[in-house]
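Reader: Hi! Could you walk me through the charged pairs here?
Author: Happy to, let's have a look together.

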Amino acid sequence: MPPPLALLDRRRLLLGSAGAGLLGLGGCATAGMGAAPAGPPAILAQRRPPIWPVRAAMDRVFDLTVCLRPFRAQGPRIEAQEIGETLVVHNYGHGGSGWSLSWGSGTVALRKAMVRSPKEIAVVGCGALGLTSAILAQEAGAKVTIYARDLLPDARSARATGSWTPDSRIALTGAATPAFGELWEEMARISFKRYRRYLGLPGTPVEWRDRYVLRDDRPPAGPPAANPQGLEFADYSERIADITPRDEPMPPGSTPFPVARVRKGSQLQFNVTDYAHTLMADFLAGGGRVERREFHELSELAALPQKVVINCPGYGARALCRDESIVPVRGQIAWLIPQPEVDYSLYYRRVGMVSRRDGIVVQALWGGDMMGYGDDHEVTDRKEAEQAVAVLADLFGRMA
Ligand SMILES: Cc1cc2nc3c(=O)[nH]c(=O)nc-3n(C[C@H](O)[C@H](O)[C@H](O)COP(=O)(O)OP(=O)(O)OC[C@H]3O[C@@H](n4cnc5c(N)ncnc54)[C@H](O)[C@@H]3O)c2cc1C
């Protein structure tokens, strides 16, 4: 006996909404529905989750921040050095990947520190690398003291975009050895796995979000790339392709974005304010101590009571370790008032937008990733912010 009409309609409805979930926004194929008419059935179109526009305007920018990525052409320095009787393990120079690689890099640094089986460990620095190294050292059973000039809300790490970008400005092609590629992969995999622990927590320190890359025939915004030396950042993304969600082209008309081509993917995102707070609380709850202190010479580390030190001064290593291999890569963020309904990030005409719980991050990338290379000008540039916000204002102004 054929099923009653009401049951058939209900099945169709369920299949329709399941299809929408599987295909992402505006998926217009009709998997499981047999011979379907061309175009999305009305029920799918209606049930498509909305994409809310960003209210992009300079009067909604509540902060401008700028910071320097601590970049090294050969990759970060994770290396042990004896200074007097003290074992100093350096863990700095992570370019645009410091948050992403922190757990993996900290694990590698800690291995080198544990050769002395220390009961107490000092960590210099309280940014992404310092805090994660300190927590890992606690987990290994050590009593840990962090010594730092600035704590995280004031350290440079607090001014990061907050995305999973493990090979962003991490090394230069040609300068990094093949062995570094292997080490990078190990660090990226360790970090990626560790981030699982912070998903689904109150405050949402870490979460997965949709990410759209939009393209049309309009020219990239801002001045052209300035890269006279023809430098190229190393790209290791293929090494972790198996743990990286693929993006997919969206069918024309299936999103409200007024551009010809849209790709949609998923990105792990760090809501840095909450995430940093969570890390600090974990460190203190684990019995950690923090002492505000500035060091001027590496030799001062040998005077600390702890005889094993993990050194994570970030860009500060240029002065503290007299390490001129550290190159600044300047980056600026304009912070728009948060909009919880905007639950995605996007990239359009060389402007990046990441909607975080603590603000909407807007970043100009004129000339691509090389923007700011070698620039240690750590002051804000309002014009740069105005241009970036204008690109988004134009985009969302044209959105139906
Ligand atoms: C605009 C921008 C966006 C970014 N976006 C991302 C992103 O989305 N994802 C990502 O993974 N990475 C991103 N990064 C990169 C990331 O922010 C850095 O790699 C990371 O912050 C480096 O962390 P750190 O702990 O080494 O350094 P810092 O955060 O600078 O911390 C250094 C610590 O050492 C202390 N210190 C330094 N010198 C001394 C001294 N002499 N004595 C005592 N204490 C000292 C400081 O006070 C501080 O506590 C971004 C960077 C920028 C600029």
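Reader: Which side chain does E297 meet in a salt bridge?
Author: E297 pairs with R322, at 2.9 Å from N to O. A salt bridge here is a side-chain nitrogen of Lys or Arg within 4 Å of a carboxyl oxygen of Asp or Glu. This is a predicted model, where local features need pLDDT of at least 70, side-chain atom pairs count only at pLDDT 80 or more, and totals for chains, interfaces and linings use all residues. Residues are numbered from 1 along each chain as its sequence is written, and side-chain values use heavy atoms, leaving out hydrogens and water.

Reader: Thanks! Is R322 buried or exposed?
Author: R322 is exposed, with a relative accessible area of 52%. E297 is partly exposed at 38%. (Buried means under 20% relative accessible area, exposed over 50%, partly exposed in between, with a 1.4 Å probe and protein chains only.)

Reader: And how many salt bridges are there by this rule?
Author: The count is 27 salt bridges. One of them joins R194 and E139, whose closest N and O atoms are 2.8 Å apart.

Reader: Where do R194 and E139 lie?
Author: R194 is in helix α5 (residues 178-195) and E139 in helix α4 (residues 128-139), so their pairing ties together parts 55 residues apart in sequence. Helices (H or I, at least four residues) are DSSP runs, numbered from the N terminus. R194 is buried at 9% relative accessibility, while E139 is partly exposed at 47%.

Reader: New topic: which residues are linked in a network of salt bridges?
Author: E185, R189, R239 and D242 are linked that way.

Conventions
Helix = DSSP H or I, 4+ residues; strand = E, 2+ residues; numbered from the N terminus.
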